[in-house]
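Here is a short briefing on one protein chain. Look at the structure first, then work through the points below.

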Amino acid sequence: MIPGGGQPNMQQLLQQAQKMQQDLAKAQEELAQTEVDGQSGGGLVKATVTGSGELRGLVIDPKAVDPEDTETLADLVVAAVQAANENAQNLQQQKLGPLAQGLGGGIPGLPF
């Protein structure tokens with residue numbers, strides 16, 4: 001309902017939608033360039049991902065490397081990558097959440 005019973009200004013609505021689309025594209029670009037970290041084993045394994053979830057780096061402390069127990073190392077790597085991805089999802093919600101609400105709800109393909 002438009003206050004005062006007037007008709008919606010279609011040009012204004014289109015401009016608002018276009019601005020929101022531009023803001024969303026800008027936020028997605030910023031996410032792709034922002035890096036977040038996750039770690040496991042008290043810092044023995046550190047993973048770096050972009051805000052959009054792309055794995056960019058993995059640092060393994062030599063203390064975590066035991067040739068007799070590669071299973072534990074693999075678990076530490078998985079845990080560090082998962083922690084980094086959780087941080088990336090939190091960043092996505094911070095940057096894109098308000099934009100998604102402005103577009104009337106969730107955006108297909110995003111985890112919220």
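Gln92 is buried, because its relative accessible area is 9% and the cut-off for buried is under 20%. This residue sits in helix H2. Its side chain reaches the backbone oxygen of Gly51 at 3.0 Å. Keep in mind that the model is predicted.

**Overall layout**

- The protein chain has two helices and three strands.
- Read from the N terminus, the order of elements is α-β-β-β-α.
- Helix H1 covers residues 10–33, and helix H2 covers residues 70–102.
- The chain has 112 residues, and 24% of them are buried.
- Its accessible surface comes to about 7,600 Å². Carbon and sulfur atoms account for 51% of that surface.
- Take the contacts in the chain with a separation of 6 or more: 47% of them join residues 24 or more positions apart.

- In general, strands of a sheet pair through backbone hydrogen bonds, and the pairing can be parallel or antiparallel.
- Strand S2 spans residues 45–50, and five bridges join this strand to S3. The two run antiparallel.
- Ala47 stands opposite Leu58 in S3.

- Is Leu58 buried, exposed or partly exposed? Its relative accessibility is 38%, so Leu58 counts as partly exposed. The value falls between the 20% and 50% cut-offs.
- Which residues does Leu58 touch, beyond those up to four places away in sequence? They are Val45, Lys46, Ala47 and Val77.
- Leu58 and Thr48 are 10 residues apart along the chain, and their C-alpha atoms are separated by 6.3 Å.

**Thr50, in strand S2**

- Thr50 lies in strand S2.
- Its relative accessibility is 0%, so Thr50 counts as buried.
- Setting aside neighbours within four places in sequence, Thr50 is in contact with Leu31, Ala32, Thr34, Glu35, Val36, Arg56 and Ala88.
- The side chains of Thr50 and Ser52 make a polar contact at 3.0 Å.

**The nonpolar core**

- In soluble globular proteins, nonpolar side chains tend to be buried together.
- How many residues does the largest nonpolar core have? It has 17.
- The residues with the most contacts inside this core are Val36, Val45, Val49, Leu73, Leu96 and Leu99.
- Helix H1, strand S2 and helix H2 are the elements that give two or more residues to the core.
- Which element gives the largest share of this core? Helix H2 does, with nine residues.

Technical notes: Residues are numbered from 1 along each chain as its sequence is written. This is a predicted model: local features need pLDDT of at least 70, side-chain atom pairs count only at pLDDT 80 or more; totals for chains, interfaces and linings use all residues. Side-chain values use heavy atoms; hydrogens and water are left out. Two strands pair if DSSP finds at least two bridges between them. Helices (H or I, at least four residues) and strands (E, at least two) are DSSP runs, numbered from the N terminus. A nonpolar core is a set of buried Ala, Val, Leu, Ile, Met, Phe, Trp, Tyr and Cys residues joined through side-chain atoms within 4.5 Å. Buried means under 20% relative accessible area, exposed over 50%, partly exposed in between (1.4 Å probe, protein chains only). Contact means heavy atoms within 4.5 Å. Accessible areas come from the Shrake-Rupley method with a 1.4 Å probe; for residues, only the protein chains shown count as cover. A polar contact is a pair of N or O atoms within 3.5 Å; within protein, one must be able to donate a hydrogen and the other to accept it, and residues adjacent in sequence count only if both atoms are side-chain atoms.
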